[in-house]
Amino acid sequence: MDFTEVVTSRRSVHEYADEPLDDETLETIFENAIQAPSSYNLQPWEFVVLREDETKEALREAAYDQEHVTGAAASVIVLGNKDPEAHAETVADDMLEKGYLPNEEVRDSILENVAGMADLPEQERRVWTVRSTSLVAMALMHAAWDEGVATCPIGGFDPDAVLDAFDIDGEQYEPVMLMTMGIPAEDAGELQAEAKYRRPVDEVVHYEEFAPEREAPAVPADD
Ligand SMILES: Cc1cc2nc3c(=O)[nH]c(=O)nc-3n(C[C@H](O)[C@H](O)[C@H](O)COP(=O)(O)O)c2cc1C
């Protein structure tokens, strides 16, 4: 699929075929998804992939009993690490080695900036991680669909219940999103339907200044 086809034909799908998702397909999807950009390239994301009935059932409970969590071949917990320093040295060393940074001094000053971010209040670190992790979640949806694997992002869940059910340290990780993934059912209604309404470009894009009260485009008068 070319890019336009991927983005225009993707739908949030609730109906999945009874077909497993193999490791190879998942590996391809995740390999593409993790090309997403992130703040300082710190890649704060982690994914917990659930394919067993029991684990998907536990996630469904934390997701207010949304059926597609168990109906999909895989349901994924997309986590954001709230510690900006978690992978900072590896990332900074790579940038230095590849010439993105001119010298060790700049590398060290970047690491100092990141250490400063690590000292921010939790609420700010949550926003920080949600920004980058949401981008990888979007990339995951497109990468999956490019392989013929449909998805549905899920924000309707109890984060504490997710952390509890999977024994995840909530001090460090934010459950940013859940994602169902699977081969769509043949009669998945969403895929047969026209794409849902999108607010038009001329309503959502503002040039040079933010103009929320912009007049609606003129409607031609009847003769
Ligand atoms: C942050 C976020 C949270 C969402 N939460 C849910 C959810 O809890 N359950 C669900 O079925 N769909 C959920 N969706 C899917 C949206 O309903 C869907 O993306 C939207 O209706 C547009 O449809 P489309 O993805 O098919 O274009 C969520 C989407 C986003 C981006």
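**Reading a ligand shell and a helix pair**

A: Let's start at the ligand, where R11, S12, Q66, C152, P153, I154, G155, G156, E190 and K196 surround it; a residue counts as near a molecule if its C-beta atom, placed from the backbone, lies within 6 Å of it. Keep in mind that this is a predicted model, where local features need pLDDT of at least 70, side-chain atom pairs count only at pLDDT 80 or more, and totals for chains, interfaces and linings use all residues. Residues are numbered from 1 along each chain as its sequence is written.

Q: Which classes of residue make up the shell around the ligand?

A: Sort them like this: Ala, Val, Leu, Ile, Met, Phe, Trp, Tyr, Cys and Pro are nonpolar, Asp, Glu, Lys and Arg are charged, and the others, Gly among them, are polar. Here the shell has 3 nonpolar, 4 polar and 3 charged residues.

Q: Which strand gives the most to that shell?

A: Helices (H or I, at least four residues) and strands (E, at least two) are DSSP runs, numbered from the N terminus. Strand β3, residues 150–154, gives the most, with 3 residues.

Q: How do I describe two packed helices?

A: You give the angle between their axes and the distance between the axes. Axes are lines fitted to C-alpha atoms, for helices over the stretch in contact, and angles run from 0 to 180 degrees between N-to-C directions. Take α2 (residues 23–33) and α7 (residues 122–146): they pack at about 135 degrees, with axes 8 Å apart. That makes α2 oblique to α7, since under 35 degrees is roughly parallel, over 145 roughly antiparallel, 65 to 115 roughly perpendicular and the rest oblique.

Q: Which residues of α2 and α7 meet?

A: Call two residues in contact if their C-beta atoms, placed from the backbone, lie within 7 Å. From α2, I29, N32 and A33 meet V136, A139, L140, A143 and A144 of α7. That set divides into 7 nonpolar, 1 polar and no charged.

Q: Is F30 buried, exposed or partly exposed, and why?

A: Count the other C-beta atoms within 10 Å of its own, again placed from the backbone: 20 or more is buried, 12 or fewer exposed, in between partly exposed. F30 lies in α2 and is partly exposed because its count is 17. F30 and A144 are 114 residues apart in sequence, yet 8.2 Å apart in space, C-alpha to C-alpha.

Q: What share of the whole protein is buried?

A: Buried residues make up 31% of the 223 residues.
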